[in-house]
Amino acid sequence: MPARVGAAARWSEEAGVPTLAVFKLASCDGCQLTLLDCEDELLSLAGKVKIAHFLEATSAVLPGPYDLTLVEGSVTTPADTEHIRAIRAASRRLVTIGACATAGGIQALRNFADVEEFARTVYARPDYIDTLATSTPVSAHVAVDFELRGCPVDRRQLLEVITAHLAGRKPDIPDHSVCFECKRRGNVCVTVAHGTPCLGPVTHAGCGAICPTYGRGCYGCFGPAGRPGPTGGSLSVNLPALIPVLKSDGMDDRDVERFLHTFNSADFHEELMAARQEEQS
Amino acid sequence: MTHRGSRTLHVGSLTRVEGEGALHLEVQDNTVTRAQLQIYEPPRFFEAFLRGRAHTEPPDITARVCGICPVAYQMSACAAIEDACGVTVDPRVVALRRLLYCGEWIESQTLHIYLLHAPDFLGCDGAIELARTARGHVERGLRLKQAGNAILDLLGGRAIHPVNVRLGGFHRAPAPAELQTLHARLTHALEDARLTAAWVSGFEFPDTETDADLLALATPGTYAIEGGTPAALRLDGNLSTFPLHTFLDRVREEHLPHSTALYSTLDGRRHLTGSLARFAISGRWLTRPARDAAVAAGLGDPWEGAVCRNPFRSILVRAVEVVYAVTEALRLIETYEPPSRPYVEVPPVVGTGHGATEAPRGLLYHRYALDADGTVTDARLVPPTAQNQGAIEDDLRRTAQAALDAGEPDDAELAALCERAIRNHDPCISCSTHFLDLTVERTRSARTV
Ligand code: SF4
Ligand code: SF4
């Protein structure tokens, strides 16, 4: 039995204080660390919620149900398919945080390869490795109330999501592309000015256009913009139009594929396939 | 619990460590017969999917092995690939890399001291609980951690998975005036770091020593961080170095018959990397404020070759390293000269390269083999926690045995003590890219939801 749902249904003992839980599946810990990186807000947040389950931060572990659960990481093992169901059952609201949890993460590169070959490459005894052939987002397994993107998630956005859920309102997380943030920041466009390949036009906003600010093209760590997901969004992505631009900036087919196959490969892959089909027809 | 003196103890979810793991202890007639740190971090196959990538990609990709020490992964990857391509970077770029790394040291070591480790010495569940009784201390810790993050934010663009690092250097080098904005904050951080060392030196430490060989990078003239030659300090005091390209001949991963875990050994003996090893090997190069903090904390004089082998006291050494990293960051800012170009081109060459740097929790080794067009054909990552596992389990065994010899600890006491023995080493379980101990989970009692 991979997971046990906590005892009797009861909300936090301290009446009126909502409980917060943080769980992790396959991931780098970076997204939950983002919560500990909110140094200015951490103690005041801890005054407003009861942290009921956050293994990285505290040994005090309370059984569910939880008012708000944050899940980092993707589903990659048979045990985790069970675990995520138990987590869902114990959570009033379940929010997934980061590219692993919302899109399968970098480990979803296995989805396009032979996972047994992968296991043989890394492990001396691949027979000990208990893994699924795919790395999938949490939403492929259970209902999700909100998805926050990014590899890692943005600190301010994470706080906004938590605050909004505690207040019972919809988080204010705009669905446009990195280009909007770049313009707002007054950046010079790296593609126009320097011919630097940039995924800004097709990438979900949220980071504040960090890469272009540092003179680098966006590499898509927040995943596709406007992608219809379980929690909203409408497809406005124009990848087919962007690919010729990437190529005129010096990328060949393999470069384009690598560029899109990183931290949100599973999401971008579908867009890439659609673009290729369009190219052929 | 079976008959008196024999029991099996299992802690299914270790807390206040990075990543997910469990501990397993078997006791027969009051003798510890098995002590294991088990990893149930699902495999993510970095070494497999790095094959076929461009040689410019591993710094960004391997950062995602670990959200706690992404800079370490970026720096080891750059070092290894630049080595493969025979490229040397501008010393001013090296200085900027060191500054970025200091940011990660300050952030990560302070996180461990305050949020993960100190609660063990003060008998509470975590820093948030600690803040109820010692808010001033926790606030100081958060402020110090934030100073480290400020360096990462400015130089890297963000603290977790910085975007500004690239093969050959940085996308953009900061203007001197930008770096100056960090100066005042770091001057304040130096005071916080000193107070941190003074605070933790008031803790009580169980008396115990590891007999593991200590392994750290060494660079004469400085406390090695972003490069150096592997140096091993044996239990008998013998210090020797070996060339980095022989690393995988010396540090070997073995599959022991009695266990399903992979153990790294150095020349066939268990070894330990991290703060204790660095302090012993590079201590004479600590700055005066760091050295003074060490002496005041009762660690002895590192300028005279003091060695600390008590893993419980690693919190002191981490605090000293934070003092060091702050003074070093201040020096690097004061002497900063922008490089003429923020990076050098690194044209691909067929060959193999090796890179190692000192992640906060120990030596992180990368090796890449490249094709003529720069395609990665093979990748090996050896993280510090994978190397430390043998020493951690030996600590577990020794600590548990001492407690059994001294009295009759109940399961909860024994479990708490064992968890502490593990946390002493700040294991980063997410980093453990190739532990084998994954099937155990099927028979284990489960995680709690
Ligand atoms: S999304 Fe990125 S930062 Fe977040 S856990 Fe996954 S790999 Fe780490
Ligand atoms: S610009 Fe793109 S790649 Fe860079 S941090 Fe933002 S979303 Fe991620």
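Ligand 2 lies between chains A and B in this predicted model. The residues around this ligand include Thr203(A), Cys207(A), Ile210(A), Cys211(A) and Pro212(A). Chain A also supplies Cys218(A), Tyr219(A), Gly220(A), Cys221(A) and Phe222(A), while Arg158(B) comes from chain B. Sorted by class, the shell around ligand 2 holds eight nonpolar residues, two polar ones and one charged one.

Now turn to ligand 1. Its site is shared between chains, because residues from chains A and B surround ligand 1. There are 14 residues around ligand 1, and those that come nearest are Cys28(A), Cys31(A), Ala99(A), Cys100(A) and Cys151(A). In chain A, helices α1 (30-36) and α4 (99-103) each give at least two residues to the shell around ligand 1. That shell has six nonpolar, five polar and three charged residues.

Cys151(A) brings us to the peptide bonds. A cis peptide bond links Cys151(A) to Pro152(A), with omega about 5°. Pro152(A) sits in the loop between β6 (146-148) and α6 (155-167) of chain A. Another cis bond runs from Gly64(A) to Pro65(A), with omega near 0°, and Pro65(A) is in the loop between β3 (50-54) and β4 (66-72) of chain A. These features are worth a look because most peptide bonds are trans, and most residues other than glycine have a negative phi.

Asp426(B) is not a glycine either, and has a positive phi of about 45°. The place of Asp426(B) is in the loop between α13 and β15 of chain B.

Is Asp426(B) buried or exposed? Asp426(B) is buried, with a relative accessible area of 2%. The table puts this value beside those of some other residues.

| Residue | Relative accessible area | Class |
|---|---|---|
| Asp29(B) | 56% | exposed |
| Ala274(A) | 43% | partly exposed |
| Leu299(B) | 6% | buried |
| Asn424(B) | 2% | buried |
| Asp426(B) | 2% | buried |

Leaving aside neighbours within four places in sequence, Asn424(B) is in contact with His117(B), Pro311(B), Phe312(B), Ser314(B) and Arg318(B).

Leu299(B) belongs to the loop between α10 (288-296) and α11 (314-334) of chain B. Setting aside neighbours within four places in sequence, the contacts of Leu299(B) include Phe279(B), Ala294(B), Ala306(B), Cys308(B) and Val320(B). Thr246(B) is 53 residues from Leu299(B) along the chain, and their C-alpha atoms are separated by 33 Å. In chain A, Ala274(A), which lies in helix α12 (residues 265-280), is 166 residues from Ala108(A) in sequence and 19 Å from it in space, C-alpha to C-alpha.

Finally, follow a pair of helices in chain B. The axes of α3 (residues 70-84) and α4 (residues 91-122) of chain B come within 9 Å and cross at roughly 150°. That angle makes α3(B) roughly antiparallel to α4(B), and the crossing is left-handed. From α3(B), the contact uses Pro70(B), Val71(B), Ala72(B), Met75(B), Cys78(B) and Glu82(B). From α4(B) come Arg97(B), Leu100(B), Tyr101(B) and Glu104(B). By class, this contact has seven nonpolar, no polar and three charged residues.

Methods:
Residues numbered from 1 in each chain as written. Chains lettered and ligands numbered in written order. Predicted model: local features only at pLDDT ≥ 70, side-chain atom pairs only at ≥ 80, totals over all residues. Heavy atoms only, no water. Axes fitted to C-alpha atoms, helices over the stretch in contact; angles between N-to-C directions. Helix = DSSP H or I, 4+ residues; strand = E, 2+ residues; numbered from the N terminus. Parallel < 35°, antiparallel > 145°, perpendicular 65-115°, else oblique. Left-handed = near helix turned anticlockwise from the far one by under 90°. Contact = heavy atoms within 4.5 Å. Nonpolar A, V, L, I, M, F, W, Y, C, P; charged D, E, K, R; others polar. Buried < 20%, exposed > 50% of the residue type's maximum accessible area, 1.4 Å probe, protein only. Near = heavy atom within 4 Å.
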